[in-house]
Amino acid sequence: MIYIILTLTLLLLMIASAVYAIWQKDLLYAVIASGILSLFLSIVFLILQAPDVALTEAAIGVALTTIIFIIAIRNTVRFEDEHDKKNVKTTTK
Amino acid sequence: MEKYLNILNIAIYGSAVLLMLIGLYGALTKKSLIKIVLGLSILDSGVHLLMIAIGYLKDGTAPIFSPGNEDKMNIMVDPIPQALVLTAIVIGFGVTAVALSLVIRLYRHHNTLRIDEIKKLKW
Amino acid sequence: MKKVIVLISLGILGFYLIDIFLGIGFGVPHFTNGVKDLYLSNSKDTLKVSNVVTAIVVNFRGFDTLGEVTVLFLASTALGGILYKKRHHVGERSVLFPASQVVMSGAKLLFPSIVLLGAYVFIHGHLSPGGGFQGGTIIATGFLLMLLTYRNYSVSHNRLVYFESLAGILFVSIGLVGYFSKGSFLENVLPVGNMNELFSGGVIGIIYIAVGFKVAAELTGIIYTVLHEKD
């Protein structure tokens, strides 16, 4: 019974972070939401009795995909609209 | 126990198909190139969840033999989709990396990332 | 207008997909005389390997693993070829300002443990959940931590290419040894021991160690190429 509640909660959080990743206009937040999606997906793989796949998805989906997206955002634009520069707090040195 | 299979049946297959549709919607509708690549990555995650969910057996156990486990061959989950998904995850990461490097080159040439602007600049 | 058409067609597609998969069923066995029983019993009796997924990836479907290793090699080569124009020198990088003191001392402490964990995971690939791909990505994550924390930490790119090519040559040459001595590519030529021991499974352990080195070197090379891009 506890597994059913745990699985339903994880699936709901996965769908919520996927919708947030597509809907958000600030690309940095969308990329972090995709990393959270991979993390919850790795736990669902473990509940479905597949430990090898859970290890691989946790290592590749969370760490490496997020860093490649962040470097791509750093070398191009940050917002989806490009004419829309809100008040973003950046720290300078 | 019939209700157990009914709730998880709809929930896992439904959320795998929903992830695929969300990724496909992001790849078809959005205008910024990085959003399109993000949608393709979410589509990959949905397909992997669908393949692992097909091989599940009710009250199954992981396909690993150990000294106390050697006579439970009847209730092990299917190991073949797991081997296929292992390969697919690594190849999906490689495709995402090459696609993002192409996006960086396109930005340096056209100085914009929206696909409706790029269509206007012919040369 | 375009969004409405896309939403309607995706709704029809999703409805038909859900219909098919609810008819298949969740948690019921699908095939009665499938390949699953053959692989499970062969892995227990003939090969004596504990982790059945490792036996499938390396031995029963070993040629697909060779294809995947080739695709990763092509991806890292294409990445280095596309982003060739503007590079930083070895000292400077796309990191704006250095990390805080806690991160600096913690990263130096954690890096040997991460590499040790990754090496443990790919050496014991046939005994417990793990294997070459998992261990290789763990080692690449350790190198990423060090590259992001210090500005003057450098990995020699030539040595990475050297390791990667050597591991690939080892993989193919083990397959050719099996071809010339027993008649089929990637056949098992070493003796199988007992189950749950380190030296069991014949040639599976050596292939997975080569794959672990190759994947670690390739992913570190991809991260290194991407991090040294100039604005």
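L28(B) lies in helix 1 of chain B, where helices (H or I, at least four residues) and strands (E, at least two) are DSSP runs numbered from the N terminus. L28(B) is partly exposed, with 16 other C-beta atoms within 10 Å. On this scale a residue is buried if 20 or more other C-beta atoms lie within 10 Å of its own, exposed if 12 or fewer, and partly exposed in between, the C-beta atoms being placed from the backbone. Twelve residues separate L28(B) from L40(B) in sequence, and the two are 9.8 Å apart in space, C-alpha to C-alpha.

The model is predicted; local features need pLDDT of at least 70, side-chain atom pairs count only at pLDDT 80 or more, and totals for chains, interfaces and linings use all residues. Residues are numbered from 1 along each chain as its sequence is written, while chains are lettered from A and ligands numbered from 1 in the order in which they are written. The predictor's confidence in each residue, pLDDT, runs from 0 to 100. For chain A the average pLDDT is 88, and 88% of the residues score at least 70.

Chain B as a whole has four helices and zero strands, and its elements run α-α-α-α from the N terminus on. Its radius of gyration is 21 Å, whereas a compact globule of 123 residues would have one near 14 Å. The radius of gyration is taken over C-alpha atoms, and the globule rule is 2.2 Å times the number of residues to the power 0.38. Taken along the principal axes, the C-alpha atoms of chain B fill a box of roughly 65 × 35 × 15 Å. Of the 123 residues in chain B, 44% are buried. Two residues are in contact if their C-beta atoms, placed from the backbone, lie within 7 Å. Of the contacts in chain B between residues at least 6 apart in sequence, 51% join residues at least 24 apart.

With chain A, 42 residues of chain B are in contact with 38 residues of chain A. On the chain A side, helix 1 (2-23), helix 2 and helix 3 of chain A each give two or more residues. Helix 3 of chain A provides the largest share of that side, 13 residues. By class, the side of chain A that touches chain B comprises 26 nonpolar, eight polar and four charged residues. Here Ala, Val, Leu, Ile, Met, Phe, Trp, Tyr, Cys and Pro count as nonpolar, Asp, Glu, Lys and Arg as charged, and the others, Gly among them, as polar.

Towards chain C, 39 residues of chain B are in contact with 37 residues of chain C. Helix 1 (2-29) and helix 3 (80-110) of chain B each supply at least two residues of the side of chain B that touches chain C. Helix 3 of chain B gives the most to this side, with 14 residues. The side of chain B that touches chain C has 28 nonpolar, eight polar and three charged residues.

Chain C contains eight helices and zero strands. The radius of gyration of chain C is 23 Å, well over the 17 Å that the globule rule gives for 231 residues, so chain C is more spread out than a compact globule. The C-alpha trace of chain C spans about 60 × 60 × 35 Å along its principal axes. Buried residues account for 36% of the 231 residues in chain C. Of the contacts in chain C with a separation of 6 or more, 71% involve residues 24 or more positions apart.

Which residues of helix 3 of chain C are buried? They are V52(C), V53(C), T54(C), A55(C), I56(C), V57(C), V58(C), N59(C) and F60(C). Because nine of the nine residues of helix 3 (residues 52-60) of chain C are buried, this helix is largely enclosed by the rest of the structure. The cover over these buried residues includes helix 3 of chain A and helix 3 of chain B, together with helix 2 (35-45), helix 4 (62-82) and helix 8 (204-227) of chain C.

In helix 5 of chain C, G118(C), V121(C) and F122(C) are buried. The buried residues of helix 5 of chain C pack against helix 6 (132-149) and helix 8 of chain C.
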